[in-house]
Amino acid sequence: MAHKFVIEKNKAGEFVAKFKYNAEVIFWTEGYTSRASARNAIESILKNGPGAPVEEAE
């Protein structure tokens, strides 16, 4: 599968949830102190993301 979420530690030792397409990072979350918080961020994106509106700035 080309799309996936990955939880990694950043240089500050925080857990970051990243969304990747192949090897390219499409977006990432803020750093969290626990892996569970990063997983919660992913669950929130999956739950709330599909119905989110798209806004275009001029």
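**Aromatic rings and a lysine**

F27 has a relative accessible area of 31%, so F27 is partly exposed (buried is under 20%, exposed over 50%, partly exposed in between; 1.4 Å probe, protein chains only). Ground rules next. This is a predicted model: local features need pLDDT of at least 70, side-chain atom pairs count only at pLDDT 80 or more, and totals for chains, interfaces and linings use all residues. Residues are numbered from 1 along each chain as its sequence is written, and side-chain values use heavy atoms, with hydrogens and water left out.

Now the rings. The structure holds three aromatic pairs (ring centres of Phe, Tyr or Trp, its six-membered ring, within 6.5 Å; planes under 30 degrees apart are stacked, over 60 edge-to-face, the rest tilted). One of them is F5 with F19: tilted, 5.0 Å centre to centre, 55 degrees between the planes. F5 lies in strand β1 (residues 3–9) and F19 in strand β2, so this pair ties together parts 14 residues apart in sequence. Strands here are DSSP E runs of at least two residues, numbered from the N terminus. F5 is partly exposed at 26% relative accessibility. F19 is buried, at 18%.

F5 also pairs with F27, edge-to-face, at 6.5 Å and 75 degrees. That pair links β1 to strand β3 (residues 24–28), 22 residues apart. F5, F19 and F27 form one aromatic cluster.

Last, K20. Where is K20 found? In strand β2, residues 15–21. K20 counts as buried, at 15% relative accessibility. Its side chain makes a polar contact with the side chain of E8, at 3.3 Å (N or O atoms within 3.5 Å, one able to donate a hydrogen and the other to accept it; residues adjacent in sequence count only if both atoms are side-chain atoms).

Conventions: Helices (H or I, at least four residues) and strands (E, at least two) are DSSP runs, numbered from the N terminus.
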